[in-house]
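Me: I have a model open and would like to go through its packing. Can we take it point by point?

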Amino acid sequence: MSFNIQGITIPDSQMARDTTQFIRDSESDLLFNHSSRVYYWAALAARQREIEVDHELLYVGCMFHDIGLTQEHCSCDKRFEVDGANAAKAFMESYGVTKEDIDKVWTAIALHTTPGIPEFMAAEIALVTTGVEMDVLGIGFDSFSETERTAVVARHPRTPEFKEDIIQAFYDGIKHKPATTFGNVKADVLSDKDPAFKPLNFCRIIRQSRWPG
């Protein structure tokens, strides 16, 4: 019997089932459980706000959002968010999903570390960020009942070391391509873990451009 919290379950479709297996095979327990919790926070938030959402697309977006941190699905030159978005796109193409729906999932993953933008976009895009922000940053924590939080965490455990472990996972996934953190929150991860890291500076780039004035 599938896990059910307030009527929220993982969609019962071939693509959703294959998504679970793909992520289970590709990610660590830390990232798999984190991504699974992200889905439940996102889906519960949709219910709270009475937002209509395609749960199958939402599930794929939530589950793939961190796969770009893995060695098998990372590039040497792109943001890990883009790597994850590209992996989801390649995965979904074999299921006959429309380009419009693939683009929603791609955008949801690509923008999940760019606060202030997803919330104004399609529900599937906005809610992936909502789920991530709840699980990593605790944003909206009190909008979920203790019963909901306990049930989700019991199903997909969050260890006492999760905060430091997820920061380390972020660092391990991006430390080899520091330039890709320019303009998003992951530069803070490198600054925290690597004292030698010097982030790119927007104003310095402007001043050092080849324009005379």
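Predicted model: local features only at pLDDT ≥ 70, side-chain atom pairs only at ≥ 80, totals over all residues.

Me: Which residues is Phe64 in contact with, leaving aside its neighbours within four places in sequence?
Reply: Phe64 is among the core residues that touch the most other members. With its neighbours within four places in sequence left aside, Phe64 is in contact with Thr19, Phe22, Ile23, Gly84, Ala87, Ala88, Phe91 and Ile109.

Me: How many residues are in the second, separate core?
Reply: The second core is separate and includes Leu69, Phe162, Val189 and Phe197. Its residue count is 13.

Me: Are H1 and H3 roughly parallel or roughly antiparallel to each other?
Reply: The axes of H1 and H3 come within 10 Å and cross at roughly 5 degrees. Angles under 35 degrees count as roughly parallel. H1 and H3 are therefore roughly parallel.

Me: How many residues of the contact of H1 with H3 are nonpolar?
Reply: From H1, the contact takes in Met15, Ala16, Thr19, Thr20, Phe22 and Ile23, and from H3 Glu56, Tyr59, Val60, Met63 and Phe64. Among these residues, 2 are polar and 1 is charged. The number of nonpolar residues is 8.

Me: Is the crossing of H5 and H6 left-handed or right-handed?
Reply: The axes of H5 and H6 come within 8 Å and cross at roughly 30 degrees. H5 and H6 are therefore roughly parallel to each other. The crossing of H5 and H6 is right-handed.

Me: How many residues of the contact of H5 with H6 are charged?
Reply: Lys104, Thr107 and Ala108 of H5 meet Glu124, Ile125 and Val128 of H6. The contact has 3 nonpolar residues and 1 polar residue. The number of charged residues is 2.

Me: Does Glu50 count as buried or exposed?
Reply: Glu50 lies in the loop between H2 and H3. Its relative accessibility is 73%, and the cut-off for exposed is over 50%. Glu50 therefore counts as exposed.

Me: What distance separates the C-alpha atoms of Glu50 and Leu69?
Reply: Leu69 belongs to the second core, whereas Glu50 is in the loop between H2 and H3. Glu50 and Leu69 are 19 residues apart along the chain, and their C-alpha atoms are separated by 32 Å.

Methods:
Residues numbered from 1 in each chain as written. Heavy atoms only, no water. Core = buried A, V, L, I, M, F, W, Y, C linked by side-chain atoms within 4.5 Å. Buried < 20%, exposed > 50% of the residue type's maximum accessible area, 1.4 Å probe, protein only. Contact = heavy atoms within 4.5 Å. Axes fitted to C-alpha atoms, helices over the stretch in contact; angles between N-to-C directions. Helix = DSSP H or I, 4+ residues; strand = E, 2+ residues; numbered from the N terminus. Parallel < 35°, antiparallel > 145°, perpendicular 65-115°, else oblique. Left-handed = near helix turned anticlockwise from the far one by under 90°. Nonpolar A, V, L, I, M, F, W, Y, C, P; charged D, E, K, R; others polar.
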